[in-house]
Amino acid sequence: MTIKRIEAGPRMSQAVVHNGTVYLAGQVAKGKDVTEQTQAVLAQIDALLAAAGSDKTKLLSATIYLTDMATFGDMNKVWESWVVAGATPARATVAAGLAAPEYKVEIAVVAAAG
């Protein structure tokens, strides 16, 4: 059994690859609003998926956490321009408190490897 950990730290890894599946930790980013933060988070997700040998066309699921559901439409505009038509994952979006008050969105994804 092989487990590959990407950007492993003392608390967590940013990505873990096991048995053909890539699991990403929830990603956050700084920015003035949910639009900028979502753009930055999705860029981080692209980079982590590439490091794991995958990409956004192989997304299986996504969980999106918003601090304010009033920003759902703004986040969705960025999301919809990023995902690949015909390769959209199963998805849940929930309202939640995040680790620090400056964060407005956090996104965690699971993807197929390879």
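How many of the eight residues of strand β6 are buried? Select residues 105-112 to find out: six of the eight are buried, so β6 is mostly covered. Here buried means under 20% relative accessible area, exposed means over 50%, and partly exposed lies in between, using a 1.4 Å probe and protein chains only. Strands (E, at least two residues) and helices (H or I, at least four) are DSSP runs, numbered from the N terminus.

A word on what is on your screen. This is a predicted model, in which local features need pLDDT of at least 70 and side-chain atom pairs count only at pLDDT 80 or more, while totals for chains, interfaces and linings use all residues. Residues are numbered from 1 along each chain as its sequence is written, and side-chain values use heavy atoms, leaving out hydrogens and water.

**Stop 1: the partners of β6**

Click on T63 and you will find A108 as its bridge partner in β6. S61 has V110 as its partner in β6.

Look for Y23, which stands opposite V110.

**Stop 2: from β4 to β5**

Next, select strand β5, residues 90-95. β5 pairs with β4 in the parallel sense, over six bridges.

**Stop 3: two helices**

Select helix α1 (34-51) and helix α2 (72-82). Their axes are 8 Å apart and the packing angle is about 30°; axes are lines fitted to C-alpha atoms over the stretch in contact, and angles run from 0 to 180 degrees between N-to-C directions. The helices are therefore roughly parallel, the term for angles under 35 degrees.

To see where they meet, show the side chains of V34, T35, T38, Q39, L42, I45 and D46 in α1, with D74, M75, V78, W79 and W82 in α2. Contact means heavy atoms within 4.5 Å. The residues of this contact divide into seven nonpolar, three polar and two charged.

**Stop 4: a loop residue**

Finish at M12, in the loop between β1 (3-8) and β2 (13-18). M12 is partly exposed, at 39% relative accessible area. Leaving aside residues up to four places away in sequence, M12 touches E7 and A25.

Methods
Pairing = 2+ DSSP bridges. Parallel < 35°, antiparallel > 145°, perpendicular 65-115°, else oblique. Nonpolar A, V, L, I, M, F, W, Y, C, P; charged D, E, K, R; others polar.
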